[in-house]
Amino acid sequence: MATRSGSRSKRSRDLRGSGAIVALLLTSAIGCGSSRVDRVKAAQQTAEKEQTPEKLVARGKLFAQMGDQTRAGQYFSAALDAGAKPAEVLPLLMRTYIATSRFRNAIAVGEQYLKKFPRDSRLRFLVATLYLAIEEPEHAREHLDHILAQDMNNADAHYVLAVLLRDHGDYVGADQHFRQYLKLKPEGPHAEEARGSLLKSLP
């Protein structure tokens, strides 16, 4: 009996001790709860500051310069999710795909945002050239025609469309666009090729 009683007494002391520890922990938590919450909030605010579109873009550019296109792409994607301007960041994201020969990934991203921003001619031009890279000229032409319908003075679109038409046997159509390119950029980087591709030489 003494043994059982002693055992119960020891167990009671243990339980009381455990209860005291739990109470102490609860009291401590209540007592420092506000400071802990403050620390958590401060940490969250710091994390949010680190996740601003500007900082995410900057980090993406840094990784791109270092040659880590995968990490760069992750940061550019995160920047878009955080509210970065698509016109600024999309070309950067697409370049990371292009650098790793993931042309279809780049096209998919570009097409997705063109649905939201159909008048972004710079992005559309990039998508058009990517379609040429994967040998889908019909899709490239759709985008180039769309660009020229909005802006007939887009010299680069005229040049790329001219090359596309020439390479697919439409020499008359190519001639027209080569001439438009030369009219807009007579000393442009493609002027020599454009003159050499005309059906009749220009004076």
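This is a predicted model: local features need pLDDT of at least 70, side-chain atom pairs count only at pLDDT 80 or more; totals for chains, interfaces and linings use all residues.

Biologist: How do helix 6 and helix 7 sit relative to each other?

Modeller: The axes of helix 6 (residues 121-133) and helix 7 (residues 137-150) come within 7 Å and cross at roughly 160°. Helix 6 and helix 7 are therefore roughly antiparallel to each other.

Biologist: And which hand is the crossing?

Modeller: Left-handed, as helix 6 passes helix 7.

Biologist: Switching to charges. How many salt bridges are there?

Modeller: The structure holds six salt bridges. One of them joins the side chains of R104 and E136, at 3.2 Å from N to O. R104 lies in helix 5 (residues 103-116) and E136 in the loop between helix 6 and helix 7, so this pair ties together parts that are 32 residues apart in sequence.

Biologist: Is R104 buried or exposed? And what about E136?

Modeller: R104 is exposed, with a relative accessible area of 53%. E136 is buried, at 16%.

Biologist: What does D145 pair with?

Modeller: The D145 side chain meets R141 in a salt bridge, 3.5 Å from N to O. Both residues lie in helix 7, four residues apart, which is about one turn of the helix. D145 is partly exposed, with a relative accessible area of 35%, and R141 also counts as partly exposed, at 35%.

Biologist: OK, and K185, what does that bridge to?

Modeller: K185 forms a salt bridge with D156, with the closest N and O atoms 3.5 Å apart. K185 lies in the loop between helix 9 and helix 10 (191-196) and D156 in helix 8 (residues 155-167), so the pair ties together parts that are 29 residues apart in sequence. K185 counts as partly exposed at 32% relative accessibility, and D156 is partly exposed at 30%.

Biologist: Which residues are linked in a network?

Modeller: R166, D167 and E193 are linked in a network of salt bridges.

Biologist: Last topic, then. Which residues form a nonpolar patch on the surface?

Modeller: Y171, V172 and L199 do, with about 330 Å² of accessible area together.

Biologist: Where is V172 found?

Modeller: V172 is in helix 9 (residues 171-184). V172 is exposed, with a relative accessible area of 54%.

Notes
Residues are numbered from 1 along each chain as its sequence is written. Side-chain values use heavy atoms; hydrogens and water are left out. Patches are made of residues with over 30% relative accessible area and no salt bridge: like charges are joined within 9 Å, nonpolar side chains (Val, Leu, Ile, Met, Phe, Trp, Tyr) within 5 Å. Accessible areas come from the Shrake-Rupley method with a 1.4 Å probe; for residues, only the protein chains shown count as cover. A salt bridge is a side-chain nitrogen of Lys or Arg within 4 Å of a carboxyl oxygen of Asp or Glu. Helices (H or I, at least four residues) and strands (E, at least two) are DSSP runs, numbered from the N terminus. Buried means under 20% relative accessible area, exposed over 50%, partly exposed in between (1.4 Å probe, protein chains only). Axes are lines fitted to C-alpha atoms, for helices over the stretch in contact, and angles run from 0 to 180 degrees between N-to-C directions. Angles under 35 degrees count as roughly parallel, over 145 as roughly antiparallel, 65 to 115 as roughly perpendicular and the rest as oblique. A crossing is left-handed if the near helix is turned anticlockwise from the far one by less than a right angle, and right-handed if clockwise.
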